[in-house]
Amino acid sequence: MTRRFVAALLMVIVLGSVPASVGAGAFVASPAPASPSPSLETHGANVNASSSVSAEPDLIRESVVLQQRPDRPGEFEAVVTYDVPEPVTRLTVTPGSEATVLEANNFEETDDGAYRWAESDHEGRSPQLTLRLPANRTDVGRHGHDGSGYTFVETGEWGIVATPQLQLAWRERSSVDVHREVAVAGEGVAGKHVAFFGANEVHETTAGSETIRLVVPEAADLEESPGDVLEALAHASEELRVGNRHNEVMIVAAPTGSVEWGANGIQYGERDAWVRDDARLDVAGSVWLHEYVHTRQRFARSNLDRASGWLVEAQAEYYASLLTYERGDLDYLTFRRSLGEGRDSPYAEGVLTDPGTWQDPLTDYVKGPLVYGAIDRQLRLESDGESTMEDVLRAQNQRETATFEDWLADLEDRGGSDVREFAETYARTAAAPNTWNRFEHADAFDQPTPVMTYGLADGEGVEIEGLRETTTDGVPRTLVVGETVTFPVAVDNRGDREGPYRATVLVDDTIAAEATGRLESGEATVERLSWTPESAGRYALHVGDDPFVVDVVDPADLTVTALEASPDRVERGEEITVTATVENEQSRVGRTTVEIRTVDGVAAEETVTLGPGESTTVETTLSFEDRGRHEIGAGDQRVTVTVESGIESRVSEGAESVPGFGVGAAIVAVALGVVLGRRFQ
């Protein structure tokens, strides 16, 4: 009894002297490295009629307000304000050598004449530049204008000016795009690339999906009535089936009273133009139609090679004459004579694909339409009316390149090798084709032809295959990266014979989807063409010939808001249940792959899809073989569990019932008790 009492007394003394910090807590596994939460991998998202999408894509918004300065004719001012979104950390703006910077707010000038805004240097995200710009110009970088007259001018009373085009560069955390708006302070009208200062009246008409605005200055004396001009332009819009229609086209009637213009008209940018107010509609090559045709030539904005440059003006002049004749504003004899001028010297001696041989800079305006028209006629004959040069121009507009060889390939595809050889003969040599009489014209142009129209089908919704469901709705204005949008493209053969079609969806002038087939006269069909945006931004789409501007946003960021482990103290190899709570606090659907991580890497993962305001949990089981503390992470959340050996856990259960006894002390006490018990036996 005495020996046992001594042993028990010593055990109590030892237990009372062991610091409480000794025990399982002293064995700590290497902690997970401090690092940001893993990026949330996006697999797709859904926007539909039942889910509100208030988010917009991250856009650098450039607002340009033009100010006329009547006290300083020949120049104007522009206040350019930028709304810089959060993902952008630096924005650099280069105004150009012609611009004088009068004031810079929240911008710093660089050594190379640019202006830089940086997130680290400025609190505000609306930097601003005030510029003074010369208005009077005598050249726009295109041939046919010898610099003897104005291409843009500001008189003090009124002005037609080119809007400033500033060069932007930026650093970003995530993808952003640029949206530009132009306005005139006071009286005036602004397009994207051309603006008018002064009193005016705006007339407009709609042709299909295209709105055409005619700006008639108070200072102009219009030869034709605004209604007649718009009617002719609408006819051209509807009859010219070459794609590349715009939501809006703006044409200014340029006053001719006191200004010496260097051209009869200028088409500038993508969809803006001016035409002299004395231009007529009942003449070959009507300038009103010539400049309008330029707005439909997307390929002309590509890097043309030397051999294909003639096509730009040849097409515009040819279709301006052909459309005028077909509308009844021009008799056939006048139409034929205008083409026949291409056989006259000095134009006839020039090789169209080699501008160095041109004896007159207007050779492409005069010989070009003759050759283009002759090829059009030959193509119609060789294909028995199935194809025309409008089909070739449409193919040009859908190409990413615009070389002469590309054009020949498109021509051969529709007319065969004989038509290609015909075109090469008159484009690559100084030979000039003959004109054709009225009966020969009728044989080619009045024969039955297929006339295909393309556009978004009426009465059929756009199908959106999202993350959670597939919905059908109207034309989407805001989409989410990763979802698939299917457009119903209506194809209608309004011609009087059977023929081929090629329905397309263009995204930023590149074919995203297409379908081909054939239709009988009067037959129609709907092709369903799909597109899946891969990055956020603002996209220009053409569904058939119908243009749309579509915004694409990133999916919602889902957040891990809580992380729990149960139990938080286990033996080696014992299972732990880990539960992560995931929430969607944004107004659109999001999808995220939630990763459960330990120091050894990703232990488990699960893809989660949540609608706005929804939450869910991700659960998995883990086990550890090493004793100590182990950290588990998911998103920005962390939790720690303790792994013990078998004896540690059994002793800890008993120690927890004795106040002041730690697990480590209990282990030491047990060990000493065993030793002393043996010694006193």
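Trainee: Which residues gather in a patch of negative charge on the surface?

Mentor: Glu326, Glu440, Asp443 and Asp446. This is a predicted model, so local features need pLDDT of at least 70, side-chain atom pairs count only at pLDDT 80 or more, and totals for chains, interfaces and linings use all residues. Residues are numbered from 1 along each chain as its sequence is written, and side-chain values use heavy atoms, without hydrogens and water.

Trainee: What makes a group of residues a patch?

Mentor: Each member has over 30% relative accessible area and no salt bridge; like charges are joined within 9 Å, nonpolar side chains (Val, Leu, Ile, Met, Phe, Trp, Tyr) within 5 Å. Areas come from the Shrake-Rupley method with a 1.4 Å probe. Asp and Glu count as negative.

Trainee: Why is glutamate 326 called partly exposed?

Mentor: Buried means under 20% relative accessible area, exposed over 50%, partly exposed in between. Glutamate 326 has 46%, so it counts as partly exposed. It lies in helix 4 (residues 310-327); helices are DSSP runs of H or I with at least four residues, strands runs of E with at least two.

Trainee: Why do the side chains of arginine 306 and aspartate 354 count as a salt bridge?

Mentor: The definition asks for a side-chain nitrogen of Lys or Arg within 4 Å of a carboxyl oxygen of Asp or Glu. Here N to O is 3.0 Å. The two residues are 48 residues apart in the chain. Arginine 306 is exposed at 53%, whereas aspartate 354 is partly exposed at 29%.

Trainee: Is aspartate 406 buried or exposed?

Mentor: Buried, because its relative accessible area is 14%. Its side chain meets that of arginine 399 at 3.6 Å, N to O, in a salt bridge. Arginine 399, at 26%, is partly exposed.

Trainee: How many salt bridges does a search of the whole structure find?

Mentor: It finds 38. Another of them joins glutamate 498 and arginine 518, at 2.4 Å from N to O. Glutamate 498 sits in the loop between strand 23 and strand 24, and arginine 518 in strand 25, so the pair ties together parts 20 residues apart in sequence.

Trainee: How do you know that strand 1 and strand 2 pair?

Mentor: Pairing takes at least two bridges found by DSSP. Strand 1 (residues 59-68) and strand 2 (residues 75-83) have eight, in the antiparallel sense. They form a hairpin with six residues between them. Glycine 74 in the turn has a positive phi of about 95°.

Trainee: Which strands stand at the edges of the sheet?

Mentor: The open sheet runs 5-6-3-10, with antiparallel pairing. Strand 5 and strand 10 each have a single partner strand, so one side of each is left without a neighbour in the sheet.

Technical notes. The place of a charge is taken as NZ of Lys, CZ of Arg, CG of Asp or CD of Glu. Buried means under 20% relative accessible area, exposed over 50%, partly exposed in between (1.4 Å probe, protein chains only).
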